[in-house]
Amino acid sequence: MDDLLGEFLVECGEGLATLDERIVAYEGNPSDAENLNVILRVFHSLKGACGIFSFSRMERLAHVSEDVLVAMRDGRLPVAQATVAPILSAVDRLKELIAAIEQLKSEPAGNGREDDSIIISLKDVLELAGGGSSHSSTPVRVPVESPVAPVQPKSKPSASEAPAPVAPVAQASTSNQLSLMDQSLRVGVDILDRLMNLVGELVLSRNQLLQLVASAETSPFISLVQQLNRVTSGLQEAVMRTRMQPIGNAWSKLPRIVRDLQGTVGKEIDLVMQGAETEIDRQILQAIQDPLTHCVRNAADHGLESPQDRQEMGKPTRGTITLRAFQEGGRIHIEVSDDGRGMDVEAVRRKGVEKGLISQEQATRLSDGDILNLVFEPGFSTAKKVTEISGRGVGLDVVRTNIEKVGGSVELKSELGVGTTIRIRIPLTLAIVPALIVGAKLGAVQETYAIPQLAVVELVRMTSEGRDRVEKLQGTQVLRLRDRLLPLVELSEILSGEKREVCDEGFVIVVQVGEARVGMRVDEIFDTQEIVVKPVGRLVREIPLYAGSTILGDGRVIMILEVSGVAMQSGALSSGKSASTEKSRQVELSSHASDDSEGRGAEMTRLLVFSSDVRESAKTAPLAVALGQVARLEEVDPEKIERVEDGFVLQYRGSLLPVMRPDGGPVSDLRFKPDGKIGVIVFNGKHEGAQVNVGLLVSEIIDIIDAPNLARKESSLRGKSGVAGSMIVQGRATEVIDVEYYLSRGRALGANFESERGVSSLQEVL
Amino acid sequence: MTTRESTQGKDGLELVSFRLGTQIFGIPVSGVQEVVPAQPLTRIPRADPALAGLLNLRGQIVTAIDLRSRLHISDSDGRESPMNIVVSDRGELFSLVVDSVGDVLSVPSGRFEGTPGNLPERLQKVCGGVCRLEEGLVLVVDVTSVLELGADLSRQGSNAL
């Protein structure tokens with residue numbers, strides 16, 4: 001229900017409820033000016049409020065009643081049963097109308113005649129005042145009696161006399177169910193917040209008690225504490241419920257917005273809302289209101305086609321925007337979908353490259369789903385022209401930022417010609433959340449922190465031999481987790497701001513930050529626990545690493561980490577969102593990619609720098625590739641590499657992996673690692689629609705660095721196969737390889753040996 | 001809420017006196033909620049060095065500020081048992097960590113004057129004035145300005161729709 005309308009109903013309802021009593025009291029004691037003033041005020045504000053909503057029937061009733069009362073106040077009318085009665089019937093009618101509005105969300109339609117009998121009787125009374133007669137009650141009663149009498153007894157006669165005074169719904173509502181007013185109480189948000197705080201305290205004390213009792217062998221308090229535990233949990237849940245609001249509250253403005261948009265954009269739009277009753281914490285509700293509005297505007301403006309276009313495509317001329325909300329797995333899912341033109345993945349892909357959001361290689365490597373989600377990147381807008389509705393420079397990136405602020409995530413799915421769906425997932429509440437309690441060594445002291453479970457994907461125990469292990473590359477760590485490389489963040493380094501010796505023990509918490517996953521190394525994992533999020537003061541709030549603080553069972557205060565802040569701080573998020581503040585490792589650059597991304601110079605990509613030197617010759621320039629493009633790093637025995645017709649393959653995980661030297665030369669010339677092994681960087685991606693794996697043979701992994709995104713063209717390099725650009729890395733010219741080129745070569749090679757498979761024409765070359 | 005205005009009541013002002021090193025400071029009683037002995041503090045990495053940490057005051061989180069560090073006082077005099085002066089500012093609780101807390105001093109209005117111009121700038125910024133008392137000169141700390149400090153890391157302008 002429109003919240004403004006809701007307020008109106010509650011306020012007017014409260015006002016009207018007092019009127020009966022007050023009017024009757026006034027009748028009994030006309031000298032009570034104070035009472036009369038209250039009555040007049042109620043009518044007056046009612047009149048005003050009805051004017052705002054254009055509830056003309058109510059406005060008229062209130063207006064005339066007020067006139068009568070003013071006449072009484074001025075002494076122009078006697079206060080008598082006959083003069084007061086019409087006012088009471090007006091009050092009754094107003095109440096019926098309020099009840100009807102509650103049901104219908106609008107004033108019951110009417111031609112204005114329904115209330116005439118009441119209005120006439122009121123006006124008749126007024127005429128007495130106009131005539132200036134103010135003697136005894138006799139002259140009053142005579143003219144008034146006839147028109148008033150049929151209306152006076154409220155219920156049946158009036159209903160039959162006036163044709164359908166209000167819609168039948170109203171009648172049903174008054175008799176069958178309690179009105180909104182009777183079932184709900186208005187309670188200040190501050191009181192709710194205080195309740196929430198107190199429950200938070202209680203939960204903490206409960207936790208403390210539970211700990212105490214658990215440590216005691218036998219305690220007379222066990223059953224009592226358990227009882228307390230139960231009650232506390234119940235109370236906590238109930239108080240949380242008071243903070244819950246139906247998500248429909250965040251939607252209430254949308255029908256109006258869509259209605260107005262129809263005219264502006266010249267489209268016909270139906271808005272379907274499902275699951276409006278799904279409840280959500282009001283704090284989160286507030287946070288998602290604007291993003292939702294934005295998504296709907298976007299759908300109306302960009303998503304849906306014009307009626308002509310739709311007709312041509314054989315779709316109904318009216319477009320549909322569907323809002324759907326439901327609860328699943330402790331989260332609220334909200335979908336905003338349209339049945340419009342959908343998004344052209346290829347157009348997004350091109351645009352992404354044009355805008356410098358992704359490199360040419362990434363463009364080919366990324367899945368359609370990943371490409372579509374580029375629309376959430378800052379600076380992306382596919383609309384050809386800026387329109388009044390949604391092209392104001394704020395894009396979907398702000399939607400994502402705002403959703404992520406409350407621990408949510410957003411993704412987009414689209415099918416060309418069929419429609420687009422934006423799916424938002426948000427936590428139910430932010431006040432009490434399950435969290436992982438972890439330890440990080442800062443200097444000699446181990447400090448305790450909480451990480452909200454919502455962000456945690458999995459926990460990995462680190463061992464030096466395990467399959468999931470940490471690769472140490474010149475001080476930068478990556479976690480090899482089931483064939484993927486994850487950037488690894490050392491929590492204690494981020495917190496202390498100092499480098500720490502590489503440690504291959506402890507735990508890695510894999511966290512989700514937007515679409516990216518990052519491993520966070522901690523020294524200890526203690527526990528999972530429901531924690532009460534306590535907001536931190538303004539001085540601490542400025543630090544992006546913390547989401548708040550909490551008090552543990554033993555009374556200790558610990559900080560709750562803001563996972564995205566920590567990841568951002570580490571620069572572990574490659575490109576796009578990560579404006580790394582770490583300046584020290586920046587490199588100068590000169591490279592070629594695209595023109596129009598000058599403004600994005602501050603954004604960083606994490607590069608893997610390696611060399612591929614030939615034995616017994618001078619060192620060649622190092623090469624680099626974006627770490628995000630690397631699927632795996634392997635070390636293999638050179639003997640395992642075999643020659644095929646046009647190149648080399650490696651028996652790898654049960655299949656053949658095409659491998660090559662960056663310069664295309666023979667494998668045998670490559671400088672091996674001191675242990676006789678050879679390094680392989682494995683890439684996988686799509687080339688011409690086929691999934692391709694390819695390995696690049698390298699002699700040495702040199703470093704991992706953060707470098708600004710490739711940005712400027714360098715003509716001399718254009719056309720050189722396999723090179724995407726070059727930059728200066730730590731004083732040395734470094735070529736950034738073009739992964740796409742190697743994927744295409746791998747594809748050619750793979751196609752060859754695929755056809756030869758079974759003939760076993762592989763010969764050893766080493 | 002302790003501005004220069006409110007510290008100069010008609011009938012003088014009352015100060016909670018405390019010591020940092022050898023210097024006596026005062027803070028208007030009106031802004032002080034309570035004084036508590038040293039508490040375990042939770043460190044806040046990457047915060048302003050003067051942010052001593054958070055403490056748990058009967059379930060409420062209080063931001064503690066190390067006044068010594070805030071006022072750059074490096075007197076060698078030790079602080080065996082620091083005290084917390086809990087103040088409330090704009091609805092939030094803060095604790096000022098000081099070396100020791102003394103009596104409440106009543107200062108007749110005539111004894112209160114502006115800070116001398118040659119006071120070091122670091123003190124100039126956070127002191128509302130000076131009181132001449134028998135105990136010596138008492139520097140009156142302005143709570144609001146004491147609480148204005150930066151962070152090692154701070155959020156860059158937040159996004160709003």
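Student: Is the crossing of H14(A) and H19(A) left-handed or right-handed?

Tutor: In this predicted model, the crossing of those two helices is left-handed. H14 covers residues 282-303 of chain A, and H19 covers residues 396-405.

Student: At what angle do H14(A) and H19(A) pack, and what does that make them?

Tutor: The angle is about 155°, and the axes are 9 Å apart. The cut-off for roughly antiparallel is over 145 degrees. The value passes it, so H14(A) is roughly antiparallel to H19(A).

Student: Which residues make this contact?

Tutor: H14(A) brings A:Ala287, A:Ile288, A:Asp290, A:Pro291, A:His294 and A:Cys295. H19(A) brings A:Val399, A:Asn402, A:Ile403 and A:Lys405. By class, that is six nonpolar, two polar and two charged residues.

Student: What makes H3(A) and H4(A) roughly antiparallel?

Tutor: Look at the angle again. H3 (residues 56-73) and H4 (residues 81-104) of chain A pack at about 155°, their axes 10 Å apart. Over 145 degrees is the requirement. The angle meets it, and therefore H3(A) counts as roughly antiparallel to H4(A). H3(A) passes H4(A) in a left-handed crossing.

Student: Which residues of H3(A) and H4(A) make the contact, and how do they divide by class?

Tutor: From H3(A) come A:Arg57, A:Met58, A:Leu61, A:Ala62, A:Ser65, A:Val68 and A:Leu69. From H4(A) come A:Ile87, A:Ala90, A:Arg93, A:Leu94 and A:Leu97. Nine are nonpolar, one is polar and two are charged.

Student: How do you know whether A:Thr550 is buried or exposed?

Tutor: Count the other C-beta atoms within 10 Å. A:Thr550 has 24. Buried takes 20 or more. The count reaches that, so A:Thr550 is buried.

Student: Where is A:Thr550, and what does this residue touch?

Tutor: A:Thr550 sits in strand E17 (residues 546-551) of chain A. Leaving out residues up to four places away in sequence, A:Thr550 touches A:Ala450, A:Ile531, A:Val532, A:Val533, A:Lys534, A:Ile558 and A:Ile560. Take A:Val533: 17 residues away in sequence, and 5.5 Å away in space, C-alpha to C-alpha.

Student: Why is B:Arg46 called partly exposed?

Tutor: B:Arg46 has 18 other C-beta atoms within 10 Å. Exposed needs 12 or fewer, and buried needs 20 or more. The count falls in between, so B:Arg46 is partly exposed. B:Arg46 lies in the loop between strand E3 (32-37) and E4 of chain B. Phi of B:Arg46 is near 70°, a positive value in a residue other than glycine.

Student: Is B:His72 buried or exposed, and how do you know?

Tutor: The count for B:His72 is 11 other C-beta atoms within 10 Å. The limit for exposed is 12 or fewer. B:His72 is therefore exposed. Its place is the loop between helix H2 (67-70) and strand E6 (83-89) of chain B. Phi of B:His72 is near 55°, again a positive value in a residue other than glycine.

Student: Which residues touch the most other members of the largest nonpolar core?

Tutor: They are A:Ile451, A:Leu561, A:Val625 and B:Ile85, in a core of 133 residues. Strand E8 (residues 432-442) of chain A gives the most to this core, with six residues. Beyond four places in sequence, the contacts of B:Ile85 include B:Val16, B:Phe18, B:Ile27 and B:Val32. A second, separate core has 44 residues, among them A:Leu261, A:Ile288, A:Ile332 and A:Val348.

Student: Why do such residues gather?

Tutor: In soluble globular proteins, nonpolar side chains tend to be buried together.

Student: How many residues does each chain bring to the contact between chain A and chain B?

Tutor: Chain B brings 21 residues and chain A brings 31. On the chain B side, strands E4 (51-57) and E5 (60-66) each supply at least two residues. E4(B) has the largest share, four residues. The chain B side divides into 11 nonpolar, six polar and four charged residues.

Key: Residues are numbered from 1 along each chain as its sequence is written. Chains are lettered from A and ligands numbered from 1 in the order in which they are written. This is a predicted model: local features need pLDDT of at least 70, side-chain atom pairs count only at pLDDT 80 or more; totals for chains, interfaces and linings use all residues. Axes are lines fitted to C-alpha atoms, for helices over the stretch in contact, and angles run from 0 to 180 degrees between N-to-C directions. Angles under 35 degrees count as roughly parallel, over 145 as roughly antiparallel, 65 to 115 as roughly perpendicular and the rest as oblique. A crossing is left-handed if the near helix is turned anticlockwise from the far one by less than a right angle, and right-handed if clockwise. Two residues are in contact if their C-beta atoms, placed from the backbone, lie within 7 Å. Ala, Val, Leu, Ile, Met, Phe, Trp, Tyr, Cys and Pro count as nonpolar, Asp, Glu, Lys and Arg as charged, and the others, Gly among them, as polar. A nonpolar core is a set of buried Ala, Val, Leu, Ile, Met, Phe, Trp, Tyr and Cys residues joined through C-beta atoms within 7 Å.
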